[in-house]
Amino acid sequence: MCLAIPGRVESFVDAERRMALADISGVKREISVDLLRGEGAQVEIGDWVLIHVGFAMSKISEKQAREQLEVLAMLGEAVAAAEEARGYGQS
Amino acid sequence: MKFVDEFRDPELIKSTVGEIESLMQGRSYRVMEVCGGHTHSIYRFGLEQLLPSSLEFIHGPGCPVCILPMDRVDEGLKLAAQKNVILAAYGDMMRVPGHSGSALELKASGLDIRMVYSPLDALKIAVDNPQSQVVFFAIGFETTAPATALTVLKAQELGLSNFTVFVNHVTVIPPMRAVLDDPDLKIDGFIGPGHVATVIGACAYDEIARDYKKPVVVSGFEPLDILQSLVLLLRQLNNGEARVENQYARVVPWAPNATASTVLAKVFELRPTFEWRGLGAILQSAVKLRAQFSQYDAEVRFAEVLANHRIDLEKDRIERGRGPSTPCGEVLKGLIKPNQCALFGKECRPEKPLGALMVSSEGACAAHFNYAHERID
Ligand code: SF4
């Protein structure tokens, strides 16, 4: 919950571009990109973002995304992170 | 240097450790890492073993499940016991023990408690179950609070009348002030939480540097990040400086996230005070929903249930005292190390936690337990 999971924005699922489909280590999930609406922070398709509890919190570079994935793996949190990613939008 | 081989850049790690060693010559410092993610990293990589013992880590109050007092856990679980209620909670929250068991145990005994990964999942459960009342057990610092706030706005947009939130969101600066105000605790500087700062901005720690003359270095989570942050921190300490530095600038901006700040201010207001496990009551350290969102506030909708529960609890306390008390607070404050707790690894283990610090991988006791066997000490 406190360690962010990186994902790549693949498409938008609503007209207002508040929800996006993200690829999170191969898992495709809906995430909210509502918090990145602010000026200059507009999310585009192909952007990498750091995700907390289903919400993109910041835009990052691809390199940073790979590093973050490595950190999660090293901390033994990669499996939990993938599980979390799979869980978004399910009930 | 047992772990050095598995680091990404062992040579850089070695030279950074060397730099820390020379900065520590003839000195001793106590550094608090506030965030549970950093605690986890420090233990996982045995950083304490790599560094001079005169550099002491104090594991701070930055793990959301660890700092939630048991009474609050009980109150959330009490809501799950109401007729027609579905309680939705994050995975970490499921295993935190309350006085009459954890969410997981209550679920096994038949209550409808569901694990979710996002507040949006909880919202979906409400949409799919119009005949039930869905309560989302919200926890976390500023990292997760905007997600809860947006979800409340979404519930409003959808006109849902069967969705409420039991809000336990806390803020990161007040507990830092609280540990600095505690005369028993001597802290020389902070490794500042990284991801929470993507919301509040690195600038949020300015007041700590200014008011307490303590340096804060916002840090990433890799071992090298933490070591480099320590170098920055020690340089400041040796020079008698107290500034905020941002080692994690590749992710953390100096300024707060504007949208998140707007949403937080719109949906939440500060509580006058909030109880923290181990730290006691801290003024203005948590938020609740603003009155205009009271129809989504579980503490409003279930006010009577919670009031009666508190009375029962108090009676119980008067009649027979509470169950065994745990010294988690002393560990949270860094007064004792996890393995100095008499219950550590015996009655209290990750698979059957007695205290909250043994629940999450970000809790100091769980981190100590999981990695201590790999350590050389
Ligand atoms: S070992 Fe268990 S009871 Fe003791 S301080 Fe840690 S979490 Fe609390």
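Visitor: Is Thr39(B) buried or exposed?
Guide: Thr39(B) is buried, because its relative accessibility is 1% and the cut-off for buried is under 20%. Keep in mind that this is a predicted model.

Visitor: Where does Thr39(B) sit in the chain?
Guide: Thr39(B) belongs to helix α2 of chain B, which covers residues 36-44.

Visitor: What does Thr39(B) touch, leaving out residues up to four places away in sequence?
Guide: Its contacts are Glu33(B), His59(B), Glu362(B) and Ala364(B).

Visitor: And the helix around it, how many residues of α2(B) are buried?
Guide: The count is 9 of the 9, so α2(B) is largely enclosed by the rest of the structure. The buried residues include Gly36(B), His38(B), Tyr43(B) and Arg44(B).

Visitor: What comes after that helix?
Guide: Gly46(B) follows α2(B), and the phi of Gly46(B) is positive, near 55°.

Visitor: Which residues other than glycine have a positive phi here?
Guide: Ser25(A) is one of them, with phi near 50°. Lys213(B) also has a positive phi, of about 55°, and is not a glycine. As background, most residues other than glycine have a negative phi.

Visitor: Where is Ser25(A)?
Guide: Ser25(A) lies in a loop of chain A, between β2 (19-24) and β3 (27-32). Its relative accessible area is 53%, so Ser25(A) counts as exposed.

Visitor: And where is Lys213(B)?
Guide: Lys213(B) is in the chain B loop that runs between α12 (206-212) and β8 (216-218). Lys213(B) is exposed because its relative accessible area is 61%, and the cut-off for exposed is over 50%.

Visitor: Back to helices. How many residues of α8 in chain B are buried?
Guide: In α8(B), residues 119-128, the count is 7 of the 10, so this helix is largely enclosed by the rest of the structure.

Visitor: Which ones are they?
Guide: The buried residues of α8(B) are Pro119(B), Leu120(B), Asp121(B), Ala122(B), Leu123(B), Ile125(B) and Ala126(B).

Visitor: Change of topic. How many disulfides are there over all chains?
Guide: The count comes to 1 disulfide over all chains. A disulfide is a covalent bond between the sulfur atoms of two cysteines.

Visitor: Which cysteines does it join?
Guide: Cys63(B) is joined to Cys66(B), with an S to S distance of 2.3 Å. Both Cys63(B) and Cys66(B) are buried.

Visitor: Is that disulfide right-handed or left-handed?
Guide: Right-handed, because the torsion about the S-S bond of Cys63(B) and Cys66(B) is about 65°.

Visitor: What about Cys348(B) and Cys365(B), buried or exposed?
Guide: Cys348(B) counts as buried, at 9% relative accessibility. Cys365(B) is buried too, with a relative accessible area of 9%.

Visitor: Now the whole of chain B. How many helices and strands does it have?
Guide: Chain B has 18 helices and 13 strands.

Visitor: How does its radius of gyration fit a compact globule?
Guide: The two agree, because a compact globule of 377 residues would have a radius of gyration near 21 Å and chain B has 21 Å. Along the principal axes, the C-alpha atoms of chain B fill a box of roughly 65 × 45 × 40 Å.

Visitor: What share of chain B is buried?
Guide: Of its 377 residues, 59% are buried. The chain exposes about 14600 Å², and carbon and sulfur atoms supply 52% of that area.

Visitor: Where are the charges of chain B?
Guide: Chain B has 39 positive and 45 negative charges, and their mean positions are 3 Å apart.

Visitor: What is the figure for chain A?
Guide: In chain A, 46% of the contacts between residues at least 6 apart in sequence join residues at least 24 apart.

Visitor: What else is there to say about chain A?
Guide: Chain A has 2 helices and 5 strands. From the N terminus, their order is β-β-β-β-β-α-α. Of its 91 residues, 55% count as buried. The accessible surface of chain A is about 3800 Å², with 48% belonging to carbon and sulfur atoms.

Note on methods
Residues are numbered from 1 along each chain as its sequence is written. Chains are lettered from A and ligands numbered from 1 in the order in which they are written. This is a predicted model: local features need pLDDT of at least 70, side-chain atom pairs count only at pLDDT 80 or more; totals for chains, interfaces and linings use all residues. Side-chain values use heavy atoms; hydrogens and water are left out. Helices (H or I, at least four residues) and strands (E, at least two) are DSSP runs, numbered from the N terminus. The radius of gyration is taken over C-alpha atoms; the globule rule is 2.2 Å times the number of residues to the power 0.38. Buried means under 20% relative accessible area, exposed over 50%, partly exposed in between (1.4 Å probe, protein chains only). Accessible areas come from the Shrake-Rupley method with a 1.4 Å probe; for residues, only the protein chains shown count as cover. Lys and Arg count as positive and Asp and Glu as negative; His and the chain ends are not counted. The place of a charge is taken as NZ of Lys, CZ of Arg, CG of Asp or CD of Glu. A disulfide is a pair of cysteine sulfur atoms within 2.5 Å. Contact means heavy atoms within 4.5 Å.
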